[in-house]
Amino acid sequence: MTDSRVNSWVDPARRIGADLHLDLSESSGPGGRRAALTRALRDAVRSGRLAPGTRLPPYRSLAADLGVARNTVADAYAELVAEGWLSARQGSGTRVAERAEPLRRAERVPRKAPPRARGPRHDLRQGTPDASAFPRAAWLASCRRALQQAPNEVFGPGDSAGRIELREALTEYLARARGVRTEPDRIVICSGFAHALRLLFGQDRSGGGGVLRGPLAVEAYGLGFHRELLTAAGVRTVPLPLDEDGARVDRLARERAVLLTPAHQFPTGGPLHPERRTAVIDWARARGGVVLEDDYDGEFRYDRKPVGAVQGLDPERVIFIGSVSKSLSPALRLGWMVLPERYVGDLLAAKGEREAWVSVLDQLSLADFIVSGAYDRHVRRMRQRYRSRRDRLVAALAEHAPHVEVTGVAAGLHAVLRLPPGTERSTVKAATWQGVALDGLAEFRHPDAHEEDTPARDGIVVGCATPSEHAYGAALEALCGVLPPAEEPTPGE
């Protein structure tokens, strides 16, 4: 039997190209034999088996060797010439392109895997909700409805103000739940409170110029991250003293704006007193200033009546800022600004012509989530859960550490535990050693706060929401184990 007859019995898709060692065994994959030949030639050049300048066989010869049609080889060559792997010149045939350098394989040096960072055993940090409680089924249902009902324009660039469906849903919801007075055209969607500050003060990554200027009055206790963000924007922050009635707005002077958390002061707790709410509006009117209202924890209250937004007192003097980071999840990156009419145009100019931050599909999903009533149901359910956790925290402290005062628990997702003088740092350190993550109160104090205006007190900020339901009991037990003991009375007392 001749060699040609033996070769005729071999499946052409398994034949090896003479000298080139091209394996077309994957010709049944996407694109058939032409695609398999193209991949094989590309891999041969990339790996260095076909060096730059190597002349390839003519179409007919390679086609005969591989048992494929001549046009299959011609098309594969043409594609690789177009990609730059091969070059073809009249009279000199097809060659491997000179610039097609083979892949240089670096010497493989065994690397030790970096040690995995151990997270805390018990996470009692403030600022995040219970991630295990995210309403997956209800959110998925809203996503499906939003996608099915979305008009074709949704898949275009997007309006920088945000989808009208979400702005309309927020207009109704904020009026009903928070006492906000607005219209959809005065709402701008953002990715959260920090993004809102960047837009307002000119630190948006898209290069926006900002809307407001400093100096900005802030509460003597607040998030250091926000102060750092403002400092990076060139904004000087001036601390306002705090007492049991909230920020001392009577101390406002030449500032152009003031940032407040009037629904639930962060982190000390408690709402802004009604007289001070009125007073800060009077200040804004007299000075031509503006109030930035951070609606922190505004939807979670337990032992007091709902406190409406300061924005409702004068929509033209307040910028109301909210998000779903506490009510749903910070992972969604969805927030909103309710603006006085005079700021809308400048804010949109700062943000840019197209939505570059917030997914339009997420916006539509949240709009459906609100309109369908799922958002209200979720907030009510979480309000009950967090109230139960608050009660368990208070009960555990009453039993195991009755000398520790608990404050700021009428609303919100955290509590402040007042500690004996001089014990905050050692308590935070002991908590770290025991795998309990929490924050010291001093971390939130403005560096320029005056002792005579707002006396510094030792304490820790404990988040009630972060642990999952099944882990909360163990977290409370660990917390009580790191708290300092009661002060010993001095002899003679």
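Buried here means under 20% relative accessible area, and exposed means over 50%. The model is predicted.

**Stop 1: strand β17**

Select residues 459-463, which form strand β17. Gly459, Val461 and Gly463 point one way from β17, while Ile460 and Val462 point the other way. Each of these residues is buried. With 5 of its 5 residues buried, β17 is largely enclosed by the rest of the structure. In a regular strand, side chains alternate between the two faces of the sheet.

**Stop 2: the sheet around β17**

Now look at β16, which is joined to β17 by 2 bridges and runs antiparallel to β17. Here Gly440 has Ile460 of β17 as its bridge partner.

**Stop 3: helix α4**

Select residues 70-83, helix α4. The helix has 14 residues and reaches 20 Å from its first C-alpha to its last, close to the 20 Å expected at 1.5 Å a residue. Its buried residues include Thr72, Val73, Ala74, Ala76, Tyr77 and Leu80. What covers the buried residues of α4? Show α2 (32-47), α3 (59-66), β1 (86-89) and β2 (93-96), which are among the covering elements. Just after α4, Gly84 takes a positive phi of about 95 degrees.

**Stop 4: helix α5**

Move to residues 136-149, helix α5. Colour Trp139, Ser142 and Ala146, which are buried. They cover an arc of only 60 degrees around the axis, which puts them on the same side of α5. An α-helix has 3.6 residues a turn, so residues three or four places apart point the same way. Where are the exposed residues Arg136, Ala137, Arg144 and Gln148? They sit on the face of α5 turned away from its buried side. Part of the cover over the buried residues of α5 comes from α11 (360-371).

**Stop 5: the nonpolar cores**

Next, select Trp336 and Leu366, the residues with the most contacts inside the largest nonpolar core, which has 32 residues. At least two residues of this core come from each of α6 (164-178), β4 (187-190), β12 (335-338), α11 and α12 (374-400). Among the residues that Trp336 touches are Leu170, Leu174, Ile187, Ile189, Phe320 and Leu366. A second, separate core has 27 residues, including Phe193, Leu212, Ala257 and Tyr343. In soluble globular proteins, nonpolar side chains tend to be buried together.

**Stop 6: confidence**

Finally, colour the chain by pLDDT, which averages 86; 87% of the residues score at least 70. Where does pLDDT stay under 50? One such stretch is residues 1-18, for which the model has 27 contacts beyond four places in sequence. Another is residues 204-208, for which the model has 11 such contacts.

Methods
Residues numbered from 1 in each chain as written. Predicted model: local features only at pLDDT ≥ 70, side-chain atom pairs only at ≥ 80, totals over all residues. Heavy atoms only, no water. Helix = DSSP H or I, 4+ residues; strand = E, 2+ residues; numbered from the N terminus. Expected span 1.5 Å × (residues − 1). Buried < 20%, exposed > 50% of the residue type's maximum accessible area, 1.4 Å probe, protein only. Arc of directions from axis to C-beta. Contact = heavy atoms within 4.5 Å. Core = buried A, V, L, I, M, F, W, Y, C linked by side-chain atoms within 4.5 Å. pLDDT = per-residue confidence, 0-100. Pairing = 2+ DSSP bridges.
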